[in-house]
Amino acid sequence: METINGVINRINYYKDDTGYTVAILEVDYKDKNIAMKKAKIIGNTIPVVGFFDRKPNIHEEYVLEGEFIRDSNYGLQFKINSYKRKLIANEEGIISYLSSEMFPGIGPKIAKIIIENIGEDCLLKIKNDPHILDSINLTDKQKHVIITGIISDEQNQENVVFFLDNGITMDMTHKIINLFGAKAKEIVLENPYILMEKIERFGFKKNDAFALKLGIEENSMIRLKALTGYVLEEALYSAGNSYICRSDLYIFATKYINKEIDGKVFNEVIAILEKEKKVYIDEADNIYDYKMYIQEIELARGIAKILKGTTDDNKKPPVYDNESIAAEYQKIKEKSHVEYSKEQEQAILNAFTEPIIIITGGPGTGKTTIIKAIIEMYFKLNNENKALLDYIALLAPTGKAAKRLKESTNMPTMTIHKFLGYMGRNNFTYNKYNKTDAKLIIVDEASMMDLSLASYLVTSMQPDARIIIVGDVDQLPSVGPGQVLKDLIDSKEIKTTRLTKIHRQAEGSNIIKLAHDVNEGILPETILSKQSDRTFIPTDNEHIASITVDIVKRFVNKGYDIKKDIQVLIPMYRGDIGINAINARIQDEINPLDETVGEIKYYGNIFRENDKVIQLVNRAEKGIMNGDVGYISHFKYKNLKINGLEVIFDTVKVNYTLEELEDLSLAYAISVHKAQGGEFDVVVMPFTFQHYIMLRRKLIYTGVTRAKKTLIMVGDVAAMQQGIKRIEANRKTILKEKLIEFIKNDSLSSIKQPLIEEDSLGETFSELDPDDFKNL
């Protein structure tokens with residue numbers, strides 16, 4: 001690390017939201033420290049690049065710490081890691097400073113008057129004695145602007161120096177100061193662990209290192225509270241449960257910090273968290289995230305109210321007489337020439353006699369056919385009133401699933417997040433206080449709904465709305481905690497139709513037959529026999545990756561679109577047959593580096609124009625959600641240097657700065673969880689015992705059912721066979737039990753209201769993935 005100091009000569013570039021700056025620093029060779037670096041600096045100026053707390057002013061003097069770098073386009077530069085701003089004590093600098101945006105209404109003329117009356121050390125004198133301005137003919141407003149500007153500027157620099165000196169990057173320092181303002185240092189010193197609660201992607205490990213550097217004791221209560229809250233979230237998320245027993249949580253906590261925690265102290269921590277409404281403890285000593293507990297209770301309570309017809313204002317969905325339902329169904333049947341099975345017929349009729357129903361079944365069993373029939377019946381039973389279209393909500397948990405639903409129904413669809421008006425950070429426009437206006441809600445791919453999202457959806461419904469829940473209960477459950485679809489079915493309180501018959505249009509599909517075999521725990525004898533739409537290429541671990549890449553290349557050469565038609569599905573990120581390694585190999589083969597365009601390297605990832613990418617977190621402000629897939633259309637440039645890129649998704653174009661690239665990953669290969677809700681013409685699935693920890697029946701079944709036309713499996717058939725035998729454990733939840741309890745309860749008014757508002761608690765789990773918790 002080297003240190004240089006000098007005066008700002010020119011500002012070439014400044015970005016308001018990040019503070020990223022490219023400036024020219026004029027150095028003084030009379031300074032011995034600078035004289036020693038004369039061999040590196042040509043002339044008496046050097047470009048400096050880095051992050052500042054505000055836009056530097058011309059003539060301001062800085063002491064910069066960082067390193068000399070040689071940019072391929074711009075030559076020698078000084079990259080700033082930290083800085084200190086010296087108090088200005090020359091006329092030109094003071095005039096420039098007081099005329100800047102920080103001092104509205106104070107221009108060069110007033111600045112010059114201040115210097116003439118107080119002297120070139122006026123800034124120091126004003127800071128020490130603001131009343132010194134009383135000697136000058138200034139308005140009270142002008143005095144206020146000058147005094148507050150000088151003080152806040154000093155506070156801001158003090159904040160920046162504090163965070164930089166304690167190991168926080170300049171980029172993260174900006175985020176902290178933007179959130180907490182001038183009192184950032186004061187707030188963080190009071191509770192250093194507030195950063196992991198309020199700043200995105202600032203986890204416990206990073207926060208803990210910062211807090212320990214500030215002098216927080218390892219066994220302090222504030223540290224153990226933060227640790228326990230963080231580990232609770234990780235433990236619940238990694239297993240998909242809604243609670244964990246106290247002893248297991250203790251083991252997680254000690255394992256995470258690799259150090260024993262006094263049992264008595266740990267119990268004190270839990271007691272404090274319970275008192276603060278951060279956790280809930282049941283009679284069996286199971287521990288819940290308090291917010292999630294409230295959401296699970298409210299979900300069960302909301303469904304119980306719908307089923308019992310005891311909503312807050314006693315409104316109910318409209319009642320249709322059986323004769324009308326039967327007559328309209330017969331008309332639809334004759335018009336469509338569809339031969340509905342008895343299961344399908346029952347599901348369609350149930351949709352108009354029950355306030356809530358569930359339809360579940362595997363691929364090819366006709367779930368979409370039922371959805372279309374229900375929509376048509378709804379119009380017919382309401383006198384073909386097309387205005388009702390505005391009151392039908394066709395929803396899915398992900399953008400991919402919503403797009404598929406739209407294609408199959410030819411109706412407007414949207415994600416549940418969009419329907420509820422997701423605003424980011426677990427805030428929704430529509431909730432239990434501001435209801436949606438839909439009268440018929442159909443949720444497809446409901447197995448992907450986690451507890452949080454399902455709770456928001458049900459509690460936001462109008463009391464006279466119907467809800468049809470459609471999904472394949474045998475697929476993977478949600479990424480976030482809960483197994484909502486399974487729990488609702490297992491409660492036996494909701495009328496459920498399980499579709500088992502494979503319909504004529506799907507009977508010829510070997511992919512669908514394989515999927516049903518896998519779901520039954522069977523590996524067909526023909527697995528190694530080449531079929532018209534599926535094949536298994538047996539090979540050893542050494543060749544899986546190269547064969548996988550070669551398959552992708554062959555389909556691209558046949559004219560398939562790598563961005564939309566072909567998808568490699570892998571259960572794990574790490575290893576030479578993991579998602580990251582396969583992505584890198586496919587990228588080099590399909591989209592090699594173009595030296596004339598270049599590439600972006602960001603924390604181990606490489607991005608090139610035309611790369612297929614996936615969004616990793618929800619960004620409501622950008623109109624994109626976790627799991628959305630697009631491609632990089634082009635790089636963005638500033639002063640001939642790449643400073644970002646544009647990604648084209650299905651419905652929106654999104655710009656990313658370099659700092660925002662942590663939201664993206666290559667998507668030639670993705671996890672089965674990420675692919676859920678989507679379908680692809682060609683799916684390639686490697687099988688190896690390297691992935692054994694993740695290989696289970698539902699994961700394989702879900703992966704197989706993503707293939708629409710061609711499924712190619714590569715690797716060790718024994719790994720696939722073992723995976724099919726392994727059944728995922730049931731998640732630990734209370735939704736089923738609470739729903740049954742609330743249904744049996746004669747008076748739902750006895751069900752307790754939440755103790756605090758859920759909007760003030762915690763963060764949603766929907767932006768996370770299992771791989772976010774690799775340390776457990």
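This is a predicted model: local features need pLDDT of at least 70, side-chain atom pairs count only at pLDDT 80 or more; totals for chains, interfaces and linings use all residues.
Good morning. I shall begin with the overall division of the chain. The domain assignment divides the protein chain into domain 1 (2-166), domain 2 (191-281), domain 3 (313-499) and domain 4 (510-600 + 665-725). Please note that domain 4 is given as two stretches of sequence, 510-600 and 665-725.

Let us look at domain 3 and domain 4 together. Their centres, taken over C-alpha atoms, are separated by 31 Å. In the contact, 18 residues come from domain 3 and 18 residues from domain 4. How is the size of such an interface often given? It is often given as the accessible area lost when the parts come together. Between domain 3 and domain 4, about 1,500 Å² is buried, and carbon and sulfur atoms give 55% of that area.

I turn now to the aromatic rings. Across the whole structure, a search finds 27 aromatic pairs. One of them is formed by phenylalanine 68 and phenylalanine 78, with 5.1 Å from centre to centre and 75° between the planes, an edge-to-face arrangement. Why does this pair tie together separate parts of the sequence? Phenylalanine 68 belongs to strand 4 (residues 61-71) and phenylalanine 78 to strand 5 (residues 75-85), so the pair joins parts that are ten residues apart in sequence.

A second pair has another geometry. The ring centres of phenylalanine 204 and tyrosine 230 lie 5.7 Å apart with the planes at 25°, so this pair is stacked. Phenylalanine 204 is in helix 9 (residues 204-213) and tyrosine 230 is in helix 10 (residues 221-239); the pair thus links distant parts of the chain, 26 residues apart. Both phenylalanine 204 and tyrosine 230 are buried. Which residues make up the cluster around them? Ring pairs link Tyr193, Phe204, Tyr230 and Tyr256.

Lysine 563 lies over the face of tyrosine 631, 4.9 Å from the ring centre. Likewise, arginine 726 has its charged end over the ring of tyrosine 692, at 4.1 Å from the centre of that ring.

Glutamine 615 is located in strand 21 (residues 612-615). Its relative accessible area is 0%, so glutamine 615 counts as buried. Which side chain makes a polar contact with the side chain of glutamine 615? The partner is tyrosine 656, at 2.6 Å. When neighbours within four places in sequence are left aside, glutamine 615 is in contact with several residues, including Ile624, Met625, Phe649, Tyr656, Leu664 and Lys674.

Proline 538 is found in strand 17 (residues 534-538). With a relative accessible area of 53%, proline 538 is exposed, because the threshold for that word is over 50%. Not counting residues up to four places away in sequence, proline 538 touches Leu528 and Gly715. The C-alpha atoms of proline 538 and arginine 726 are 21 Å apart, and these residues are 188 residues apart along the chain.

Threonine 45 is in strand 3 (residues 45-51). Its relative accessibility of 32% makes threonine 45 partly exposed. Beyond residues up to four places away in sequence, threonine 45 touches Ile24, Leu25 and Glu26.

I shall close with the backbone. Most residues other than glycine have a negative phi. Against that background, two residues deserve a mention. Asparagine 258, which is not a glycine, has a positive phi near 55°. Where does asparagine 258 lie? The residue is in the loop between helix 11 (246-257) and helix 12 (263-275). Asparagine 258 is exposed, at 70% relative accessible area.

Aspartate 285 is placed in the loop between strand 7 (279-281) and strand 8 (286-289). With a relative accessible area of 30%, aspartate 285 is partly exposed.

Thank you for your attention.

Conventions: Residues are numbered from 1 along each chain as its sequence is written. Side-chain values use heavy atoms; hydrogens and water are left out. Rings of Phe, Tyr and Trp (its six-membered ring) pair if their centres lie within 6.5 Å; planes under 30 degrees apart count as stacked, over 60 as edge-to-face and the rest as tilted. Helices (H or I, at least four residues) and strands (E, at least two) are DSSP runs, numbered from the N terminus. Buried means under 20% relative accessible area, exposed over 50%, partly exposed in between (1.4 Å probe, protein chains only). A charge sits over a ring if NZ of Lys or CZ of Arg is within 6 Å of the ring centre and within 35 degrees of the ring normal. A polar contact is a pair of N or O atoms within 3.5 Å; within protein, one must be able to donate a hydrogen and the other to accept it, and residues adjacent in sequence count only if both atoms are side-chain atoms. Contact means heavy atoms within 4.5 Å. Domain bounds come from an automatic or database domain assignment. Buried area is the accessible area (1.4 Å probe) that two parts lose on being put together, summed over both.
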